[in-house]
Amino acid sequence: MRLIWLLPLIPAAGAAVNGLAGVRWFGRAAAGAVACLAMLSAFAVALTASIALIRLPPEARAYDVTLGPWLPPIPLATAHGIGSFAAEWAFRLDPLATVMILVVTGIGLLIHVYATAYMMDEPRGGYARFFCYLNLFCAFMLLLVLASNFLVMFIGWEGVGLCSYLLIGYWYEKGSAATAGRKAFITNRIGDWGFLLGVFGVFHVFGTVDFHAVAQAVSSLPVEQSHFGELSIICLLLFIGATGKSAQIPLFVWLPDAMEGPTPVSALIHAATMVTAGVYMVGRNAVLFQHAPLVLAIIAIVGTLTALMAATIGLVQNDIKRVLAYSTVSQLGYMFLAAGVGAFAASTFHLLTHAFFKALLFLGSGAVIHAMAGEQDMQRMGGLRRFLPVTFVTMMIGALAIAGIPPLAGFFSKDEILLQAFSKNRALWALGSVTALMTAFYMFRLVALTFYGVYRGPSWPRHVPPAVGGPATLSIATAHGVRHPVDPDAHGLAHVPQHDLSHGPAHPVPIGPAAHAHEWHGPHEAPSAMTWPLMALAVGAIVCGFISIPPALGGTNALERFLEPSFGGTPAAATVEHARQPRADAEPATADQASNGREWALMLLAVTLAGAGVAAAWRLYVTRPEIPVRLAARWPGLHSLLWHKYFVDEFYGATLVRSTFASARGLWTFDARVVDGAVNGSGWMTRTVSWFSGIFDRVVVDGLVNFVGWSADEGSLVVRRGQTGLLQNYLLLIVLGVCVFLTVYLFAR
Amino acid sequence: MHFTPITPYHYLLLSAALFSVGVIGVMVRRNIIILFMSIELMFNAVNINLVAFAALYRHEVGQAFAVFVIAVAAAEAAVGLGIILAFYRNKETLNIDEMNLMKG
């Protein structure tokens with residue numbers, strides 16, 4: 001446990017190795033091994049630390065590690081006089097952080113393993129670069145969840161934003177990917193602005209940025225029951241940060257576009273890292289948020305609306321990853337709904353289960369895309385369960401889990417959230433239940449379109465032995481020599497041997513720029529490096545719900561009790577417990593039974609709704625596939641509204657983006673006219689002045705100098721006649737002089 | 001046959017004659033080498049004077065001075081010949097009338 005500070009450093013070291021040396025010298029195997037090894041050791045450290053923490057008695061389950069000072073104390077004004085603004089490299093392991101590090105390292109490890117096979121088609125340097133970013137992403141996420149004060153968290157917070165930008169724009173030569181990366185980064189920056197202002201507010205009010213100190217300070221303050229005071233403002237600003245990271249209204253637009261990144265990136269962003277940061281941050285400051293019930297109400301409403309809106313969009317989308325992306329937005333809405341009604345533990349529980357099944361679904365969709373050679377449109381899939389048995393079974397488990405079918409993980413966590421919502425606000429509960437119905441529907445729409453029905457994708461060369469393709473498929477795949485579909489992302493060289501095994505020898509690989517992409521032989525199961533993580537995640541999606549079985553089903557809510565210290569024994573959780581927990585000792589048995597009965601009823605309703613969603617999807621997309629087309633034709637307005645995602649992107653484009661561009665253009669004009677004009681004007685002035693100065697120099701100064709020279713020249717006209725320069729002249733003069741002198745000396749005396 | 005003994009007057013006469021030959025040579029000849037040799041003549045005229053008076057007064061300083069003059073003359077010859085060589089390389093002539101760079 002003393003080594004938790006190593007957790008962010010291990011993946012960071014992996015990233016450094018891959019980023020500095022790997023992109024030049026490593027082969028694919030070495031780069032992948034470095035990255036996976038880093039994640040594996042991080043997971044081992046996380047597991048050790050978690051076990052050590054769980055062994056402690058519940059009230060002592062917190063461990064602080066301070067590496068050293070970061071910012072020296074700076075005196076700054078706060079609301080209560082002069083405070084000292086200081087920050088340390090401080091990490092804190094408590095139950096909430098434990099759950100998070102296990103999710104980040106565990107699921108992160110599986111995604112890394114999966115990506116080693118999925119990215120096989122990338123050039124060597126790009127492969128190492130990809131793993132460098134992946135490791136860096138996990139490092140920043142671990143820094144974020146282990147941080148013990150706002151500033152260290154902010155580093156991780158910004159770091160995951162940066163890494164999301166790098167990874168979404170990984171195929172930076174593709175314009176849409178580069179744009180999506182920018183969009184994610186800029187949208188996140190807007191959220192970060194709120195987060196940073198919130199941190200300033202925290203320091204202003206409490207004089208410290210340490211989570212624990214803030215929680216202690218805030219518990220002595222009164223709850224801002226009906227007025228919107230400083231705590232509410234802080235919480236609202238922090239929540240704006242959370243909406244940016246966790247893709248809530250109004251900042252959710254970046255997440256669906258993040259699908260431009262490679263599929264493992266989507267899985268990493270959506271399941272283990274990044275989007276959970278906002279939920280985690282709200283949970284981390286549970287005590288603070290508890291003191292701002294108005295903001296909690298806003299959070300609950302925003303979460304519910306996001307869940308509902310994203311689910312409705314997900315109903316009609318055709319891109320397999322896009323459906324999953326909106327599903328993520330929707331599930332995150334659930335988590336915020338839970339947080340908003342004060343059920344932070346339920347929120348974290350859903351975060352955990354969601355991490356499992358969403359990673360599973362994304363990796364499964366990656367396997368499907370891989371099998372279809374880059375095709376993402378579900379209209380062009382269908383009947384794939386014959387080709388991809390492992391993917392089909394695991395994705396089915398994931399879909400059942402997210403739909404909330406017992407006893408899979410999603411059932412427990414979603415049910416917990418709906419129960420808590422029911423006890424707080426019936427309207428939120430009703431909307432949440434409708435969303436649950438839609439969740440089941442769109443997930444099974446996805447499964448039905450992808451795995452059931454007839455194959456609608458492109459055909460492939462037919463010398464394939466019929467052992468793999470079913471008769472129905474072969475009858476469709478008639479055309480010969482269909483080229484490999486354009487495959488910018490997913491298709492691994494690594495599978496050539498597998499093809500050779502299952503379909504006989506592959507075609508001679510064409511020479512030229514497309515030589516790396518071998519010919520496509522129809523949908524095929526992914527290699528084992530991809531199926532093993534799928535299976536592991538499927539097991540997780542089945543069992544991880546059991547760690548927190550509600551008391552109505554004879555469990556003890558183990559996870560919630562484990563997490564309680566992190567949320568500071570929140571009052572809301574206490575009331576819920578009061579309403580239904582048998583272990584609240586003084587409870588009369590009748591009330592207990594009544595609440596149990598209510599819970600049973602709610603569960604039954606939730607399962608019925610999920611079943612109804614599944615059944616509806618089955619009827620609409622397997623047995624009567626013409627109905628959806630008719631429905632879309634009947635309500636074209638509604639369909640187009642959902643298809644265009646409520647025109648939010650268009651609205652932002654028309655208002656915010658356009659006004660930004662307009663103001664930028666205005667500034668550019670100012671720059672070009674006024675600033676450049678001033679610069680050019682001063683340049684022109686300098687030139688003019690120096691022209692006059694040059695004239696003065698030439699005429700007056702040079703004139704004076706030349707005059708001196710000229711006068712000396714002219715003045716010496718007579719004298720210089722004597723200077724003949726001839727030696728003998730001079731000698732003659734000397735001799736004459738001597739003679740004259742001697743004459744005078746000898747005779748004139 | 002009667003021989004007049006050699007007196008200092010003889011030496012002085014010889015010396016004056018030699019010196020005059022040197023001066024005239026420097027003044028009237030155009031070749032720099034000849035000029036140079038004439039200068040040497042003047043040195044030697046002076047040396048004869050020095051040695052003569054040294055013999056007359058039985059004092060060795062005159063002798064020593066003459067030796068110094070010969071040494072200095074050798075050095076002067078080295079420098080002078082160097083200058084002449086450089087001049088010749090530039091002008092391809094040894095005519096002293098061409099040497100009028102210091103003309104005002």
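Predicted model: local features only at pLDDT ≥ 70, side-chain atom pairs only at ≥ 80, totals over all residues.
The contact draws on ten residues from chain A and eleven residues from chain B. On the side of chain B that touches chain A, seven residues are nonpolar, two are polar and two are charged.

In chain A, the secondary structure amounts to 28 helices and two strands. Chain A has 749 residues, of which 48% count as buried. Its contacts reach well along the sequence: taking those between residues at least 6 apart, 79% join residues at least 24 apart. The largest nonpolar core holds 223 residues, and the members that touch the most others are A:F137, A:L146, A:A359 and A:A541.

Leaving aside residues up to four places away in sequence, A:L146 touches A:I4, A:L7, A:P8, A:F91, A:R92, A:L93, A:A97 and A:I101. Helix α4 of chain A covers residues 124-146, and its axis comes within 8 Å of that of α1(A), with a crossing of roughly 160°. At this angle, α1(A) is roughly antiparallel to α4(A). The crossing of this pair is left-handed. By class, the contact of α1(A) with α4(A) comprises 15 nonpolar, six polar and one charged residues.

Helix α1 of chain A, residues 6-25, also includes A:A21. A:A21 counts as partly exposed because it has 14 C-beta neighbours inside 10 Å. A separation of 8.9 Å lies between the C-alpha atoms of A:A21 and A:A128, although 107 residues part the two along the chain.

A second pair in chain A joins helix α10 (residues 263-272) and helix α15 (residues 344-371), with axes that come within 8 Å and cross at roughly 170°. The two helices, α10(A) and α15(A), are therefore roughly antiparallel. On the α10(A) side, the contact is made by A:T263, A:P264, A:S266, A:A267, A:H270, A:A271 and A:A272, and on the α15(A) side by residues among them A:K358, A:A359, A:F362 and A:I369. Nine nonpolar, five polar and one charged residues make up the contact of α10(A) with α15(A).

Chain B can be described in the same terms. Its helices α1 (residues 8-28) and α2 (residues 32-57) have axes that come within 8 Å and cross at roughly 165°. Consequently, α1(B) and α2(B) lie roughly antiparallel to each other. The crossing of α1(B) past α2(B) is left-handed. Residues of α1(B) in this contact include B:P8, B:Y11, B:L12, B:L18, B:F19 and B:V26, while those of α2(B) include B:I34, B:I39, B:M42, B:I48 and B:L56. The contact of α1(B) with α2(B) has 18 nonpolar residues, six polar ones and no charged residue.

Conventions:
Residues numbered from 1 in each chain as written. Chains lettered and ligands numbered in written order. Core = buried A, V, L, I, M, F, W, Y, C linked by C-beta atoms within 7 Å. Buried ≥ 20, exposed ≤ 12 C-beta atoms within 10 Å, placed from the backbone. Contact = placed C-beta atoms within 7 Å. Nonpolar A, V, L, I, M, F, W, Y, C, P; charged D, E, K, R; others polar. Axes fitted to C-alpha atoms, helices over the stretch in contact; angles between N-to-C directions. Helix = DSSP H or I, 4+ residues; strand = E, 2+ residues; numbered from the N terminus. Parallel < 35°, antiparallel > 145°, perpendicular 65-115°, else oblique. Left-handed = near helix turned anticlockwise from the far one by under 90°.
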